[in-house]
Amino acid sequence: QRKRNESGVASSLIKKIFSHYVKMPVTREAFKIVEKCSERYFKQLSDDLEVYAKHAGRKTVDMADMEVLMRRQKLVTEKMPLHVLIERFLPLEYRKLLIPVAVSGNKLIPGK
């Protein structure tokens, strides 16, 4: 069974993501701090997305909420729209889910 931190995110996932960016060994104590920071970051992210959805009168977080969050974090700008970030950083299977594509029969995938 995987070891999970308080937020429910597997420690192995956090370690994998962190080690992708840090190309050197990390002490156990330092990694515990990274886990704690990750937990707080995802908690704040989730809280913000929930507030945006409620403000819009919805019970479900959608892509518009994520875009608002990313604009507030200055990740999405006029020069760097959300779809460019999606195309640049996500694998093809996720891009297909997030960016609408016209297919034969004049259908749009993913549909709304």
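Mentor: Start with Arg58, Asp62 and Asp65, which are linked in a network of salt bridges. A salt bridge here is a side-chain nitrogen of Lys or Arg within 4 Å of a carboxyl oxygen of Asp or Glu. Side chains of opposite charge can pair when their charged atoms come close.

Before going further, note that this is a predicted model, in which local features need pLDDT of at least 70 and side-chain atom pairs count only at pLDDT 80 or more, while totals for chains, interfaces and linings use all residues. Residues are numbered from 1 along each chain as its sequence is written, and side-chain values use heavy atoms, with hydrogens and water left out.

Buried means under 20% relative accessible area, exposed means over 50%, and partly exposed lies in between (1.4 Å probe, protein chains only). Asp65 has a relative accessible area of 3%, so it is buried. Asp62, at 32%, is partly exposed, and Arg58, at 27%, is partly exposed too.

The salt bridges of the model number five by this rule. One of them joins the side chains of Arg71 and Glu67, at 3.2 Å from N to O. Both Arg71 and Glu67 lie in helix H3, four residues apart, which is about one turn of the helix. Helices (H or I, at least four residues) and strands (E, at least two) are DSSP runs, numbered from the N terminus. Arg71 is partly exposed, with a relative accessible area of 37%, and Glu67 is partly exposed at 25%.

Now place these residues in the whole. The protein chain has five helices and two strands, and along the sequence they follow the pattern α-α-α-α-α-β-β. Of the 112 residues in the chain, 19% are buried.

Leu45 lies in H2 and counts as buried, with 15% relative accessibility. Its C-alpha atom is separated by 8.1 Å from that of Leu69, 24 residues apart along the chain. Ser38 is in helix H2 as well, and it is buried at 16%.

Rolling a probe the size of a water molecule over the atoms shows where empty space is left. The search uses a 1 Å grid over the protein atoms alone: a pocket is an open set of points where a 1.4 Å probe fits, with protein on both sides within 12 Å along at least five of seven lines, and lining residues have an atom within 4 Å of a point. Grid points are joined across faces, edges and corners, and a volume is the space filled by probe spheres set on the points.

The second largest pocket has a volume of about 440 Å³. It is lined by 14 residues, and Met66, Met70, Ile86, Leu90 and Leu98 are the closest to its centre. H2, helix H3 (63-72) and helix H4 (82-89) each supply at least two residues of that lining. The lining has 13 nonpolar residues, one polar and no charged ones. In these classes, Ala, Val, Leu, Ile, Met, Phe, Trp, Tyr, Cys and Pro count as nonpolar, Asp, Glu, Lys and Arg as charged, and the others, Gly among them, as polar.

Leu98 belongs to helix H5 and is partly exposed, with a relative accessible area of 33%.
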